[in-house]
Amino acid sequence: MRSCISKFFQWHRGCRNFSLAKHMILHGSRDTQGLSGHVDGSKVKTFSTSCGTLAEDAIKDNPVSDMLVDSFGRQHTYLRISLTERCNLRCQYCMPAEGAELTPSQELLSTNEIIRLANLFVSSGVHKIRLTGGEPTIRKDIEEICFQLSTLNGLKTLAMTTNGIILDRKLPLLKEHGVSLLNISLDTLVPAKFEFMTRRKGHERVMKSIDAAIELGYNPVKLNCVVMRGFNDDEICDFVELTRDKPINVRFIEFMPFDGNVWNVKKLVPYSEMLDRVVKRFTGLQRIQDHPSETAKNFRIDGHQGTVSFITSMTEHFCAGCNRLRLLADGNFKVCLFGPSEVSLRDPLRQGVDDTELKEIIGAAVKRKKAAHAGMFDIAKTPNRPMIHIGG
């Protein structure tokens, strides 16, 4: 049985709609028609996520070691590194109202430890690293970390996810030190809502950082927006409007359950509903053909400079094409965002093990990665860390 599943993943490694791929296997169909095209305003079509496969030449040009290949044939070439658990905001979906217990500083990875582990992953086939937090820009040595990471042989993309509060003054040097992709988290365009949601002021500073990123040539500037019913779902079309004249990619994210964020299915606005609202307001919505490992369903709109995306982790997961791994600020290694399983890389690192042993630990964890995460109701009942610990 496992052999059959493995072959299924290898054949449809790029497919991020597991149910669609399974249907195609069972019914002998390789038809991907409907994965791209225009959305008819009179009839909403949610569009399955792209099921393209990686070109053989691309695989040959980017060899991936067995350490990064799971038992289903998925190659993990994207590492998200959380640099800190601290943050200068207190977003309700990220941090519990009572706060979160932070790891003592001596138990967090040092700069040298981060670079050593990152180099281990990159030399094994990882070609994209994203820096997260907490809030990565509050780490005092953030520029040095970016510079050292950007010099790793084999790394093609250094990205960062930030809340934008202090980004505008740090961004020129961050870009100079190799940060080539930028995601800024912003859940509302209304300053009063921002203060309620984040329990802090700062909306104007985030907007200033978005403009600064555009001026520095980031194209697109990605805006991450977690949509919650009764809070900001009335702003969906206002966010889309931002893409008309600016190179902004608005990414609407389904509300996901994590410890302490009081997740409730009633707060979840599903992808189909969000898309329906956009279709009713904007004409010429066209599906973009995505990279096989893309997490988002991407659309362009006629006459708009930017684009719109939907991240459908809850209603249409994309586990079959997952290529992501996570290194937490405390050195724990996590192969699935929604899975509770973690293994420490910090402890063996500090015990003096060599790279070969570290690779064995990493490889064993990757091989244990499941075919797909649980359903949203099971996730909500499964113990996991708050998002502030995991990293956005």
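In this predicted model, helix α4, which covers residues 111-123, packs against helix α5, which covers residues 142-150, with the two axes 10 Å apart and at an angle of about 25 degrees. Because angles under 35 degrees count as roughly parallel, α4 and α5 are described as roughly parallel to each other, and the crossing in which α4 passes α5 is right-handed. On the α4 side the contact is made by Thr111, Ile114, Ile115 and Ala118, and these residues meet Ile145, Gln148 and Leu149 of α5. Sorted by class, this contact has 5 nonpolar and 2 polar residues, with no charged residues.

The spacing of the contact residues can be read against the geometry of the helix. An α-helix has 3.6 residues a turn, so residues three or four places apart point the same way. As for its length, α4 has 13 residues and reaches 18 Å from its first C-alpha to its last, which is close to the 18 Å expected at 1.5 Å a residue. Just after the helix, Gly125 takes a positive phi of about 130 degrees.

Helix α4 has a further packing partner in helix α12, residues 355-367, where the axes come within 11 Å and cross at roughly 70 degrees. That angle makes α4 roughly perpendicular to α12, and here too α4 passes its partner in a right-handed crossing. The residues of α4 that take part are Arg116, Leu117, Leu120 and Phe121, and they meet Asp355, Leu358, Lys359 and Ile362 in α12. The residues of this contact divide into 5 nonpolar and 3 charged, with no polar ones.

Elsewhere in the chain, Glu195 has its place in helix α7, which covers residues 191-198. Is Glu195 buried, exposed or partly exposed, and what decides the class? Its relative accessibility is 36%, and Glu195 therefore counts as partly exposed. When residues up to four places away in sequence are not counted, Glu195 touches Arg200 and Lys201.

Conventions. Residues are numbered from 1 along each chain as its sequence is written. This is a predicted model: local features need pLDDT of at least 70, side-chain atom pairs count only at pLDDT 80 or more; totals for chains, interfaces and linings use all residues. Side-chain values use heavy atoms; hydrogens and water are left out. Axes are lines fitted to C-alpha atoms, for helices over the stretch in contact, and angles run from 0 to 180 degrees between N-to-C directions. Helices (H or I, at least four residues) and strands (E, at least two) are DSSP runs, numbered from the N terminus. Angles under 35 degrees count as roughly parallel, over 145 as roughly antiparallel, 65 to 115 as roughly perpendicular and the rest as oblique. A crossing is left-handed if the near helix is turned anticlockwise from the far one by less than a right angle, and right-handed if clockwise. Contact means heavy atoms within 4.5 Å. Ala, Val, Leu, Ile, Met, Phe, Trp, Tyr, Cys and Pro count as nonpolar, Asp, Glu, Lys and Arg as charged, and the others, Gly among them, as polar. Buried means under 20% relative accessible area, exposed over 50%, partly exposed in between (1.4 Å probe, protein chains only). The expected span of a helix is 1.5 Å times one less than its number of residues.
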